[in-house]
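Work through the exercises below with the model open. Each task is followed by its solution.

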Amino acid sequence: MTALVNIVVIIAVLALVVRRQMRAQRLDTERRFWLLPLILGVLALRDPQLIDHDHAALSAVLLGASLVAVLAMGSVWGWTVRLWRAADGSVWAKGTKATVAAWVGMIAIRLGLYGIGSAMHVHQAGSALMLGIAVMLLVRSLVVNWRARTAELPRQAAVIG
């Protein structure tokens, strides 16, 4: 895919995810939460410029560091989501101020890694960011779904909008 298409896909996914995370929504633990991350991951991995072939080792190290960072941040993000059980037994989720802080932290880490790569003249494709987002979304969803299935959630009479 072209860089412009990558950027459009990344912005659209981020806008959708952030908007959905900051409002109360019923959590369906049986939903195919892995589908969007899978699609993004496949799109990213198909890009032959994912690794800068002129600086292959350094590029791979930066990509690996980025993926480790998004694994951690996806987990942190998943733990910042507030979960509760409604009167009808359904599980609801809503992002918190800590969720916003997790996003800001992830953006700062990603910008730092991008800055390191740029200083070392390593070309970093948008597909690396897309792969990172895919991993982060998958980890976040796994954490939230695990929490929803295993935690004793507080009951709330009404759903907060």
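**Exercise 1.** State which residues of helix α2 are buried and where they lie around the helix axis.

Solution. Helix α2 covers residues 35–45. Its buried residues (under 20% relative accessible area, 1.4 Å probe, protein chains only) are Pro37, Leu40, Gly41 and Ala44. Viewed down the axis of α2, these fall within an arc of 100° (taken from the directions from the helix axis to the C-beta atoms), so they line one face of the helix.

This is a predicted model, in which local features need pLDDT of at least 70, side-chain atom pairs count only at pLDDT 80 or more, and totals for chains, interfaces and linings use all residues. Residues are numbered from 1 along each chain as its sequence is written, and side-chain values use heavy atoms, without hydrogens and water.

**Exercise 2.** Describe how α3 packs against α4.

Solution. Step one: the axes of α3 and helix α4 (residues 97–119) are 9 Å apart, at an angle of about 175°. Step two: α3 is therefore roughly antiparallel to α4 (angles over 145 degrees). Step three: the contact (heavy atoms within 4.5 Å) includes Met73 and Trp77 of α3 and Met106 and Ile109 of α4. Its residues divide into 14 nonpolar, five polar and one charged.

**Exercise 3.** Do likewise for α3 and α5.

Solution. Helix α3 (residues 56–80) and helix α5 (residues 126–150) have axes that come within 7 Å and cross at roughly 30°. This makes α3 roughly parallel to α5 (angles under 35 degrees). The residues of this contact divide into 15 nonpolar, four polar and two charged.

Conventions. Axes fitted to C-alpha atoms, helices over the stretch in contact; angles between N-to-C directions. Helix = DSSP H or I, 4+ residues; strand = E, 2+ residues; numbered from the N terminus. Parallel < 35°, antiparallel > 145°, perpendicular 65-115°, else oblique. Nonpolar A, V, L, I, M, F, W, Y, C, P; charged D, E, K, R; others polar. Buried < 20%, exposed > 50% of the residue type's maximum accessible area, 1.4 Å probe, protein only.
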